[in-house]
Amino acid sequence: MKIGILGVGHIGKTLTQRLSAAGHEVKVANSRGPQTIEADVLSSGGDAVTATEAVADVDVVILSIPLNRLPQVAPLIAGVPAGTVLIDTSNYYPARDNRIEAIDAGQVESLWVTEQLGRPIAKAWNAIGSHSFATKSTPAGSPDRIAIPVAADRDQDRQVAMALVEDTGFDAFDAGTLAESWRQQPGAPCYCTDLSRQEMPGALSAAEADRLPRRRDLAVAAIQERVGDPTTNPDAGYGVRLNRVLFM
């Protein structure tokens, strides 16, 4: 497939590498220009381009940028054909994204995103930590392969997103509609806890919407206390252990 990726943070970098290695034609862009994209991002064959070029003539656009920046790319997305599959990997963290009143009042994050962009999306790769995503991929059929939940309203969006998740080395799990995608957001039992396909249904059903924000903020506070820096991720083992204790 022809894929455009906006964002080369931890998740966007791995997406570029894995999807290129899987044989897809990948273009990737950031907000600072193609000349600033490091060579290792392109090590599997991805091409560094401008944001406008990244979303032109592609089958799929993947948004791997902070949630509060999504409204800024809405004009760019407005020109993308309706048949192009749009996949969002973002999560809401108030300390990073500033307060978004609608989400704080209970609106599902993915539905807020669709309102900002003016079109349907699929939600994928948001519920796995960046280190696990970069280091724990396994071939299909491997025992205890980590599962990644995928939510979407349109069948085409769901099918494409799930196929691409499989191509990145993880089991894709159909998590239902965007209205139910809060079950895979920060604070939920399946969020960054590295669960298998067999464990995923129970984790999704066990999620409690009113408890998610408190659990999310507890995890952030614990990580900041440990590393002393709100922008630094903890080591992968600690992150998974912490999330399992707080979220499950």
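Asp194 sits in the loop between strand E8 (171-174) and helix H9 (200-206); helices (H or I, at least four residues) and strands (E, at least two) are DSSP runs, numbered from the N terminus. This is a predicted model, where local features need pLDDT of at least 70, side-chain atom pairs count only at pLDDT 80 or more, and totals for chains, interfaces and linings use all residues. Residues are numbered from 1 along each chain as its sequence is written, and side-chain values use heavy atoms, leaving out hydrogens and water.

Most residues other than glycine have a negative phi. Asp194 isn't a glycine, yet its phi is positive, about 55°. Is Asp194 buried or exposed? It's buried, with a relative accessible area of 12% (buried means under 20%, exposed over 50%, partly exposed in between, with a 1.4 Å probe and protein chains only).

Asn98 also has a positive phi, near 70°. You'll find Asn98 in the loop between helix H4 (94-97) and helix H5 (101-104), and at 51% relative accessibility it counts as exposed.

## Where H10 meets H11

Helix H10 (residues 212-227) and helix H11 (residues 236-247) have axes that come within 10 Å and cross at roughly 145°. Those axes are lines fitted to C-alpha atoms over the stretch in contact, with angles running from 0 to 180 degrees between N-to-C directions.

Which residues of H10 and H11 meet? From H10 they include Arg215, Leu218 and Ile223, and from H11 they include Tyr238, Leu242 and Phe247, with contact meaning heavy atoms within 4.5 Å.
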